[in-house]
Structures are given as C-alpha cells and as structure tokens.
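Please read the following briefing alongside the sequence and the model.

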Amino acid sequence: IQSVQDGTAGRLIFLDTLVEGFGHGALDQGRLEWLLARLAEEQKTPAYLFAHHPLQPIGLPHLRAVELGSARRAAPDMRTVLPYAIT
C-alpha cells in the first residue's frame with residue numbers, strides 16, 4: 001500500500017514493494033512511476049522513503065533473499081534512478 005504523509009519535517013513516502021506470496025520485493029514500472037511522481041510533487045522539503053525491502057543491496061548476507069528484486073533481473077539500480085536521494 002503506497003501512501004504519502006506531509007509534515008513539518010518533510011514528506012514521508014511509504015512504498016509497497018511486497019510481491020504477494022513471496023518473501024522478496026520488486027519495484028515494477030508502475031511503482032517506480034508512482035514514486036517518481038510523488039517526489040516531483042513536493043521538492044521544497046526533504047523526502048524520506050520507506051519500503052518493505054532494501055532498495056539496493058546493503059551487504060548483509062542474511063537479507064539477500066528478501067532484497068528488492070531478489071530475482072535481480074527487473075530491479076533498477078536505485079542509485080541511477082534517484083541519484084540525489086541515495087548515497
């Protein structure tokens with residue numbers, strides 16, 4: 001379930017990455033377009049992104065099975081999609 005909460009500290013964006021019936025997540029084209037649209041709506045305040053799964057590999061072996069796009073073939077590299085937001 002995707003949603004947005006705007007507050008005094010910034011914009012909280014909740015991104016649903018769950019693939020129903022599986023343990024891993026995915027960022028398909030529809031979800032990516034939704035995310036980019038939410039980021040474009042409000043650019044004057046910080047945006048904080050929350051997701052069910054890590055949006056990029058984080059180097060923890062025990063989380064590899066549930067990383068975003070654990071199939072690896074469809075997941076975009078978030079550093080190229082949102083280079084200004086992820087370091």
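Two strands are taken to pair if DSSP finds at least two bridges between them, and the elements themselves are DSSP runs numbered from the N terminus, with helices being H or I runs of at least four residues and strands being E runs of at least two. On these terms, S3 stands opposite F14 in β2. This is a predicted model, in which local features need pLDDT of at least 70 and side-chain atom pairs count only at pLDDT 80 or more, while totals for chains, interfaces and linings use all residues. Residues are numbered from 1 along each chain as its sequence is written, and side-chain values use heavy atoms, with hydrogens and water left out.

**Overall organisation**

- The protein chain has 2 helices and 3 strands, and from the N terminus on its elements run β-β-α-β-α.
- Contact means heavy atoms within 4.5 Å; among contacts in the protein chain between residues at least 6 apart in sequence, 57% join residues at least 24 apart.

**The sheet**

- The 3 strands form an open sheet in the order β1-β2-β3, with mixed pairing. β1 and β3 (47–51) stand at the edges with a single partner strand each, so one side of each is left without a neighbour in the sheet.
- From one strand to the next, the twist averages 15°.
- Strand β1 (residues 3–7) runs antiparallel to strand β2 (residues 10–15), to which 5 bridges join it, and a hairpin of 2 residues connects β1 to β2.
- β2 and β3 pair in the parallel sense over 5 bridges, and R11 has A47 as its bridge partner in β3.

**A47 in strand β3**

- A47 is found in strand β3 and, at 38% relative accessibility, counts as partly exposed.
- Leaving aside residues up to four places away in sequence, A47 touches R11, I13 and L39.
- The C-alpha atoms of A47 and L12 are separated by 5.9 Å, although these residues are 35 residues apart along the chain.

**Helix packing and the nonpolar core**

- Helix α1 lies across β1, β2 and β3 and runs at about 175° to β2; axes here are lines fitted to C-alpha atoms, for helices over the stretch in contact, and angles run from 0 to 180 degrees between N-to-C directions.
- A nonpolar core is a set of buried Ala, Val, Leu, Ile, Met, Phe, Trp, Tyr and Cys residues joined through side-chain atoms within 4.5 Å, and the largest one has 8 residues, namely I13, L15, L27, L32, W34, L35, L39 and L55.
- The elements that give two or more residues to this core are β2 and α1 (29–41), with α1 giving the most, 4 residues.
- Which residues does I13 touch, not counting those up to four places away in sequence? The contacts of I13 are S3, V4, W34, L35, R38, L39, A47, Y48, L49 and F50.

**The aromatic pair**

- Rings of Phe, Tyr and Trp (its six-membered ring) pair if their centres lie within 6.5 Å, and planes under 30 degrees apart count as stacked, over 60 as edge-to-face and the rest as tilted; by this rule the count comes to 1 aromatic pair.
- The ring centres of F14 and F50 are 5.2 Å apart and their planes stand at 20°, so the pair is stacked.
- Because F14 lies in strand β2 and F50 in strand β3, the pair ties together parts that are 36 residues apart in sequence.
- F14 is partly exposed, with a relative accessible area of 29%, and F50 is also partly exposed, with a relative accessible area of 40%.

**Confidence**

- The predictor's confidence in each residue is given as pLDDT, from 0 to 100; the mean for the protein chain is 75, and 67% of its residues reach 70 or more.
- Among the elements, β1 has the highest mean pLDDT (92) and helix α2 (residues 78–81) the lowest (57).
- Over residues 70–75 the pLDDT is below 50, and beyond near neighbours in sequence this stretch has 9 contacts in the model.
- Where pLDDT is low, the predicted coordinates should not be read in detail.

Key: Buried < 20%, exposed > 50% of the residue type's maximum accessible area, 1.4 Å probe, protein only.
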